[in-house]
Structures are given as structure tokens and as C-alpha cells.
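Okay everyone, thanks for coming.

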Amino acid sequence: MTWKQVFTSSVGKKLVMGLTGISLVLFLVVHASINATVFADLFNSEENGEMFNKAAHFMGSTVLIRIMEIGLFGGIILHIAQGYLLSLENQQKRSVGYAVAYKDGSKWYSRSMGLLGTIILLFLVLHLYHFWVSARFTNKGLEESVSYNGVEMHNMFGLMKATFSEWWIFLVYSLGCISLGYHLAHGFQSAFRTLGVHNKRYTTMLISIGYGFSVFITLVFILMPLSFLLGWIG
Amino acid sequence: MEHNTMNLNLKVWRQKNNNTKGEFKLYRVENISAEMSFLEMFDVLNEQLVVTGEEPVAFDHDCREGICGMCSMYINGKPHGPWQANTTCQLHMRAFKDGDTIVVEPWRANAFPVVKDLMVDRSAFDRIIQAGGYISVNTGNAVDGNALPINKKDADDSFAAAMCIGCGACVAACKNSSAMLFMSAKVSHLALLPQGDPERNSRVLNMVAQMDKEGFGACTNTGACEATCPKEISLSNIARLNQEYLSASLVADK
């Protein structure tokens, strides 16, 4: 059994999905934590996004994190490509479909991981265009920089405020985050099952953590554009 | 229980053989007793068809006791029909009401080609078993069963997995036509016992390779298989198979 045989088998392909999925879950934790610094504004009226701008500057200017970023993009691309290939292959295993579909035995979001993933991908393209492309390449919306203790940096907080001043952007972001929540509601526990966790002690725990995490991450991410839109911060 | 009868409309998949395209045909059966089994209702339909000169509907069945795994109808959008933990042969007509229209389809998966009407070829399962679902035993006197101590919980879990009758409802229910619940039941059944230990690594690797070769899909843990399984085989067996596969591939020779 060569490594190639392992990772091209049906179980091996799922292992790739599970491992990349779990690494993306870890990324979400980091992303949500760093973004949550925008809420420092709520507690200090002088703040004006200083903590968030510093954190964003740290993430963008630290060499180690830039190297990790390459791994992150690799993981995302692998997860997307493998996901689409698997969905396509799995669909081809039943050429003649049922007249009456079997829906009661599984959750709709468990059956719709490909669709949810596609919505997340479309959202991701828009999201990267709004922030990542601006910060790294085009400088769009970041013409005026800020400086703290003599260090000049992008005013990412200002960019967020400007971006989330429009209703439609808030709605698109909410749709993206809700899709992410449902994707995680299945993906989180499924990833651990694929890695072989079968003891009842851990599966029940992982299912609860998975649901909790999905709801929490969705709310935290939606709360940010909502807070800017309604003027709670910024 | 009050005895009642019913008249039903049946929408049944008819297909001459694997090379022809099938289609649904409508039939009406009358005076069906609520105490009849679903297959007995089909016997009534077939007698009716013989009288009218039409070819009877072909369907698989054997013991009609819910233990052999031969019956295989997909009834109103669920393998083995609306009841839980139940096979088609043990589904009784009291599950339906007078005037109902019942849609009956064969298991649909490319790995289970239709032989005729509602009969499919499930020999892919046999080949998966041949690939590793066994233990090798030297000839000679049989050893005393009680000489080998086995943890009670392992024995129970192994027995629960061994309940699988290989009917293929898991494949029929799965959106990916995956045979993982069936295969994981066989792998778990042997992996939990000391007798299965010597061949555990080659077993799981060979069985997964055979399943892929047969054209079954990959498991996405939706749980549809577990929900429809007549023997209530647990989804946790699939996770156990994944663990067995992962550890076997980590220690594989080349």
C-alpha cells in the first residue's frame, strides 16, 4: 500500500478533506479572535480601531505569519479542489436517480456540503477582494494611513467601516457566514469521524462542540459588519 | 385488532434487463388485508399479472423473516419502506392507508446493476467480503471457545456489527452510493475480536481497495445509512474503519 494508493482511495480522499478542514477551523479561530479586537472600540471612545489596526499590521508584516499564510492558501485550495472532485465522483456513482428522494435519514446541510462550500467560495472571492487584495496589492480604500508611536500602517479599521456602510454588503457577508455555519455544523464532527474518532465519549463531545462552534463563529463574524452598519463601533 | 382491507395504487419500476431502459408502470391491487406483508401484497399483484398475461414483477426475497438480507425494495423514498429497523419482508400493509399510491423502486447504484425490475445484482458485496472479510484458521481440532478470554463489551460491539445482513440498504440510502456502513460492519465485527487481529491491517486495506474498484462512492457521514439500516448498524463503525485504515496504512510495508 503506497502513499499514493492511500491518498487516492475513497477513505484517503476523505482524510485529506478532514485534515484540511480541521486546519481551516483553526484558522477561523485565529481570524475571529483578531477581528474581535474591533470591539475594543466599545470600551474606549479614544480607541478608533487602534488595537485592530496594530493586530492587522502584525499579521501582515510578520515573516513567520506570511509563511503560514502560504500553508493556509494551500490548505484552502486543496480543500476546495478535493471537495469538488469528490462531489463529482460521488454523484457519478448513481446514474439513474430515485423518483422519490430519501430525505428523512440525514440533515439537509449534511447533503449540501458542495452547495454550501460553493456559496462560501463565492463569498471568499468578494471578501479577499475587499480586504486582502486592497491591503497587499491595490491599496484601494487605504490611501490614508495611520501611525501609532511613529509606525505607519494601513487603516484597516477605516476600510472595514467604509465597506460595511452598505446594506447589500452586510447581507452578502451574512449569507456567507450562515453558509459557513451550516458547513461547519456537518464538517466539524464529520472531520473527526473521518480521522477515526469512534469512542462514544469523544463523539458526543465533538458533536456538541461542533454545533456550539458553528453557531458561535457565525454570530461573531456577522456581529462585526452589523456593528459597523448600525454605528455601534467606528 | 380490527381487520380491514384496502385498495392501493402501485407505481412500480419495470425493467427488462440491465441493457434496457426501465420505466414506471401503474397497477391497482384491491382487497389487500392490513395483516399481509408487503411481499405478500406483491404476490397478489403478480398473480393478477399472470392472469392478465403480463410478466410478473421480479423481486428478490428468501426467508421472509427479516434475517437473510435478500429483500431490497425502495418504497416511497426509503429503503425497506417507512418503518424503522425493518426489512421489506417484515413491512406490513397496516403501514399504509386505503387509497394510497406506493412508489416502489429498485436499489439504485451503479455498483448494483438492475438484473430485472426490482432485482439488483449485489455480488459486489461478496467480492468485498472475499477481499478480506474473513479470518484464516489452521485445520485441526476446533479450539475451545471459552479458552480465549474476550472483553464482554467488545464481544457485544462485535456482535452488534455482525448483525449486518448485507442487504445493501445503506448503499441505496446513501447519496454517494457508498458501501461504507456494510464494509465497516464487517471490519468492526472482526477487528474487535482476537481472532480477527492477525489479519486486521491487510483486511481493511484490501476491502477498501475492492470497494473502490466496485464503483461505490466515498462516505460523507450524512448518517442516512444508519437511519435506514434494518439491523441498526451504528455509524460509529465507519469511524472505526477509518481508524483501522489510517493505522494500517501508517504501518504498511512499502
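Let's begin on the surface, where Leu42(A), Phe43(A), Trp167(A), Leu171(A), Leu223(A), Leu230(A) and Trp232(A) form a nonpolar patch. Put together, those residues have about 830 Å² of accessible area. Keep in mind as we go that this is a predicted model. Leu42(A), for one, lies in H3 of chain A.

Now for the place where chain A meets chain B. On the chain A side, 36 residues are in contact with 50 residues of chain B. The area buried between the two chains is about 3,500 Å², and carbon and sulfur atoms give 57% of that. Which residues of chain A lose the most area to chain B? That would be Met1(A), Tyr98(A) and Tyr102(A), which together account for 22% of what the chain A side buries.

How is that side built? Five helices of chain A each supply at least two residues to it: H1 (3–8), H2 (10–35), H5 (63–91), H6 (108–111) and H9 (167–194). H2(A) gives the most, with 5 residues. Sort the chain A residues that touch chain B by type, and you get 14 nonpolar, 17 polar and 5 charged.

So what about salt bridges and polar contacts here? Between chain A and chain B, the rule finds 0 salt bridges. For polar contacts, the count between the two chains is 23 residue pairs, both residues at pLDDT 80 or more.

As a reminder, side chains of opposite charge can pair when their charged atoms come close. Take Glu89(A), which forms a salt bridge with Lys13(A), with the closest N and O atoms 2.8 Å apart. That pair links distant parts of the chain, since Glu89(A) sits in helix H5 of chain A and Lys13(A) in helix H2 of chain A, 76 residues apart.

While we're on H2, have a look at Ile34(A), which is also in that helix of chain A. How far is Ile34(A) from Gly21(A) in space? They are 20 Å apart, C-alpha to C-alpha, and 13 residues apart in sequence. Leaving out residues up to four places away in sequence, Ile34(A) touches Phe52(A), Ala55(A) and Met59(A).

That's my tour, so over to you for questions.

Terms used. Residues numbered from 1 in each chain as written. Chains lettered and ligands numbered in written order. Predicted model: local features only at pLDDT ≥ 70, side-chain atom pairs only at ≥ 80, totals over all residues. Heavy atoms only, no water. Contact = heavy atoms within 4.5 Å. Buried area = accessible area lost by both parts, 1.4 Å probe. Salt bridge = Lys/Arg side-chain N within 4 Å of Asp/Glu carboxyl O. Polar contact = N/O pair within 3.5 Å; in protein donor to acceptor, adjacent residues only side chain to side chain. Helix = DSSP H or I, 4+ residues; strand = E, 2+ residues; numbered from the N terminus. Nonpolar A, V, L, I, M, F, W, Y, C, P; charged D, E, K, R; others polar. Patch = residues over 30% accessible without salt bridge, like charges linked within 9 Å, V, L, I, M, F, W, Y side chains within 5 Å. Areas by Shrake-Rupley, 256 points an atom, 1.4 Å probe, with all protein chains shown as cover.
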